Amino acid sequence: MADDSVFSAQTARGLVHGIRREKYTAREITEKILAHIQNTNPDINAFITVDEAGALEAADAVDQKVAAGQALGPLVGVPIALKDVLCTKGLRTTCASKILDNFVPPYDATVVTRLRQADAIILGKLNMDEFAMGSSSENSHFGAVKNPRDQTRVTGGSSGGSAAAVAAGQALMTLGSDTGGSVRLPASFCGVVGLKPTYGRVSRYGLIAYASSLDQIGPFARTVEDTATLLGVIAGHDPRDSTSAHVPVPDYLLACQRGVDGLTIGLPTEFFGAGLQSDVRDAVMQGIEVLEKNGASIREVSLPTAGHPAFAIAAYYIIATAEASSNLSRYDGVKYGFRDEAESLIDMYVQTRSKGFGAEVKRRIMLGTYALSAGYYDAYYRKAQQVRTLIRRDFDRAFESCDLLASPVSPTPAFKLGEKLDDPLQMYLSDIYTVSVNLAGIPGISVPCGTSTEGLPIGLQLLGNAFAEETILSAAAVVERELAS
Amino acid sequence: MTYESVIGLEVHAQLATTTKIFCGCSAEFGADPNTHVCPVCLGLPGALPVLNQNVVEMAMRIALAAGCTIQPRSRFLRKNYFYPDLPKGYQISQFQSNEEMPLATGGGVDVPSADGGTKTIRLTRIHMEEDAGKSIHQEAFVAAGESLVDVNRCGVPLIEIVSEPDLSTSEEVFHYLTSLHQLLVYTGVSEGDMEKGHMRIDANVSIRPVGETQLGTKVEIKNVNSFRNCQRAIESEIQRQIDLLETGGEIEQATMLYDPDRNILRAMRTKEESDDYRYFPDPDLVPLVVDSAWVARVQSQIPELPEVKRVRFAEDYDISADQIDVLTADRDVADYFEAAVAAGVQSRLAANWIQGDVMRVLNDRKIAIGDLRVSAEDLAELIGLVDKGDISTSIARTVFDDMVETGDSPAAIVEKKGLVQISDTGELDGVLDQIIADNPKEVERFKGGDQKLMGFFMGQLMRATKGQANPQKASQLLREKLG
Ligand SMILES: [Zn+2]
């Protein structure tokens, strides 16, 4: 989308530089971007809540710091927006659901605290599939997000607002969450960079849970370097999250300069099979050739379980929905959020949840409840966990001979709004190349590598071993440098 | 037909930690409703649990004291159900399944058996879990169709101690609960305050004809809050089952609630209505891994247990069996006794004082020995004053009561009140001469052989000296004067 805001063509890195040099103030930038959101959001619908007052207040505080010559954070003055699944103290957090329509958290998610400490400016909260359940960002109580590259198309999901806001210049960076591809798919569909970190790399404290063993917060930006910078700010151990890892945070920005010379990159045969649209394959192969040209050696690998949709998609939908059925039990109308008054307690529960949740959320709660039920647990949940173990082994084996794996993010580019809304199974297949990554807990990125015959963006998915975000970033930076449109 | 009963217990005990199991909120009892809360125990969206290491250590301590095996790896599961006082819609609990182990398995607790020996009640497991909140149905609100919820108790740490069905009588149940309570308090794992609900009991009860090996259908009695009530509830359930079988009825698997006021059980739900809790491992908590070094460290912190202490006291001290029971029932009382002995008092004298006056004060004032203002050293000093003949036993009692009030040392009180015993012959002479002069008739009768009048003269003497006369010295002098 064309726009004339001062920094839409700029990176966060450049912006931070300008603010440090006092070429412009954070307030100027913030006012301009807020105006830009005002103008563009009616079309894109990326924002659910815009926090003008909070953003300007934060901008003024940053400007005072600059004027006083105080130490400045790495994201000083950078306008950032957050998927509405991250808790923000005093700012409504809805999960794009009617059931949390009026929920105002009394605390900040750990990543939000870290952004504030880095002197970022938080603009507001971004649209998404309700409770992060979906692949198109159409399942929202606040209406579908539209793809800034073609407004008749979806953004992908579930972090559609996060990808769209970056693509439309409504924010320089955003945060999303990825449970089965929810960062990588919209990044690919909207032509921006989106990274899903290793499970445990980023604290989940304050991330409203969809599927706790799969959820991971991830950064979006226009460039690989900005993505790396944002990852560096949010990564690291958090005592409030038992599943966050005690692994030191390296200099991700430095990794972007490293190149790919000498790396071995594997192409999983199963991710290039039937169903992959030919123009998507061509764009992805173009990205892979760039890596080869820069010194990487390319080889084929096999992921027999992880690459098999009957295993990966099935295991994902059982584990994710089982956890979701429990995670979403707390929305019962008793303590906060939407309540539908009724005569009896049980009626209140039933009506609140029937009216408060959308169709896809209810479908997944029912699926997960069934999978955990007495008599079905072994056939579904336990079996899915066994498949998950096999998927992990597939990747372990692949990383014995490869530094990275490369594949498409999705079989097709962005599809039309409404196209798959009535066909959940078709919708689920959009995630065919991404879900196994979450089941294995490894990191992955989507970096733009070309366009479809219709001119729609296509992302290259690069996967690394656990905590190998640096390798992923170094390869993504090479692709970006050579193929930036 | 004669029947025997088969009983297994699940005891929930509240751990004596200062904070809750998964957050830093205070676990203290009795605060204003909903003041000990945070995003975690309120179950707010996005909040995550973090396991309190202190809870694990306390649970390990009681498990080791009961001879359990600590599992090197255990997990927390989610027990899913809807209830207004359960903010997350699930309770986090360790639950034994085919794949997942609880913190501790095996072990046992000894109880006295009917034949005078002891019987070991085997334990199935000990596991950790969080407590739920409390629904409050206040009249004014009920009338308006509303109930209140207090979340303070959410996340208060509990352990569940599950026994094998090794108990066969309600008396054994009572002894088992008493032993368990003593063990919990001894190890400092729980305060064991029944009035604050620190121990809550579920009992599984079945009966079968004597000689039958197969178990009968079991009925679960839920949430009993005192040992006596538990005993009574089990007795009445056993009788109900016998009556049912004798009249050709059949026992249905059910969950019952005990009403202690009316001594009756009423059914909560039957098997058909039983809940499906959809247990699965909580993905927010990593598996709990306990290595042998940790086990050894906790093992070394376990104090001497009551059984061992009883044997040692019998060997080391010259005290009666009855006194051993009194002194070892409470770890602090035992420590107090040993401190007094260490300060130089004969064990029998120290035991007499503690069993008598010290326990009297504790009972009258409903205080623990830790709250007594008389230190073991001061008690030893007081006993020493009697021993040396500085004060009489009866004066010592008065001094002790004074010590309880003021916390002063016995010497200071004796000094302050001028209570030092009169052993001085010259001083006693004068007083006795006066008494002899004042009571010529009694003197006559005594000399005539009425030895009982000795008591009369001593009474007169004590009155005249306000009890401070040294009785041995005085009676010796009196016999000289009248003999
Ligand atoms: Zn709390």
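Ser158(A) is located in the loop that runs between strand E3 (121–126) and helix H5 (160–167) of chain A; helices (H or I, at least four residues) and strands (E, at least two) are DSSP runs numbered from the N terminus. The model is a predicted one, in which local features need pLDDT of at least 70, side-chain atom pairs count only at pLDDT 80 or more, and totals for chains, interfaces and linings use all residues. Residues are numbered from 1 along each chain as its sequence is written, chains are lettered from A and ligands numbered from 1 in the order in which they are written, and side-chain values use heavy atoms, with hydrogens and water left out.

The peptide bond between Gly157(A) and Ser158(A) is cis, with omega at about 10°. The loop between E3 and H5 of chain A also holds Ser137(A). Phi of Ser137(A) is positive, near 60°, in a residue other than glycine. With a relative accessibility of 0%, Ser137(A) counts as buried; the classes are buried under 20% relative accessible area, exposed over 50% and partly exposed in between (1.4 Å probe, protein chains only).

Chain A as a whole contains 16 helices and 11 strands. Its radius of gyration is 21 Å, close to the 23 Å given by the globule rule for 485 residues, so chain A is as compact as a globular protein of that length. The radius is taken over C-alpha atoms, and the globule rule is 2.2 Å times the number of residues to the power 0.38. The C-alpha trace of chain A spans about 65 × 65 × 45 Å along its principal axes. Of the 485 residues in chain A, 64% are buried. Where contacts in chain A link residues at least 6 apart in sequence, 75% of them join residues at least 24 apart; contact means heavy atoms within 4.5 Å.

Chain B contains 16 helices and 17 strands. The radius of gyration of chain B is 30 Å, well over the 23 Å from the globule rule for 483 residues, so chain B is more spread out than a compact globule. A box of roughly 95 × 60 × 55 Å, taken along the principal axes, is filled by the C-alpha atoms of chain B. Buried residues account for 49% of the 483 in chain B. For contacts in chain B between residues at least 6 apart in sequence, the share joining residues at least 24 apart is 69%. Glu480(B) belongs to helix H16 (residues 471–482) of chain B and counts as exposed at 55% relative accessibility. A distance of 78 Å separates the C-alpha atoms of Glu480(B) and Val290(B), which are 190 residues apart along the chain.

Two further positions in chain B were examined. Arg208(B) is part of strand E12 (residues 199–209) of chain B and counts as buried, at 16% relative accessibility. Its side chain comes to 2.9 Å from the backbone oxygen of Thr213(B). Beyond neighbours within four places in sequence, the contacts of Arg208(B) include Thr2(B), Tyr3(B), Glu4(B) and Val6(B), as well as Gln214(B) and Leu215(B). Asn263(B), in the loop between strand E14 (254–259) and strand E15 (264–270) of chain B, has a positive phi of about 50° although it is not a glycine. Asn263(B) is partly exposed, its relative accessible area being 34%.

The contact between the chains involves 40 residues from chain A and 30 residues from chain B. About 2800 Å² is buried between them, 56% of it from carbon and sulfur atoms; buried area is the accessible area (1.4 Å probe) that two parts lose on being put together, summed over both. On the side of chain B, the residues that lose the most area to chain A are Pro45(B), Phe82(B) and Arg278(B), which together give 23% of what that side buries.

The rule finds 1 salt bridge across the interface, a salt bridge being a side-chain nitrogen of Lys or Arg within 4 Å of a carboxyl oxygen of Asp or Glu. The salt bridge pairs Asp284(B) with Arg204(A), and the closest N and O atoms are 3.1 Å apart. Strand E4 (77–80) and strand E16 (280–281) of chain B are the elements that give two or more residues to the side touching chain A.

Note on methods: Polar contact = N/O pair within 3.5 Å; in protein donor to acceptor, adjacent residues only side chain to side chain.
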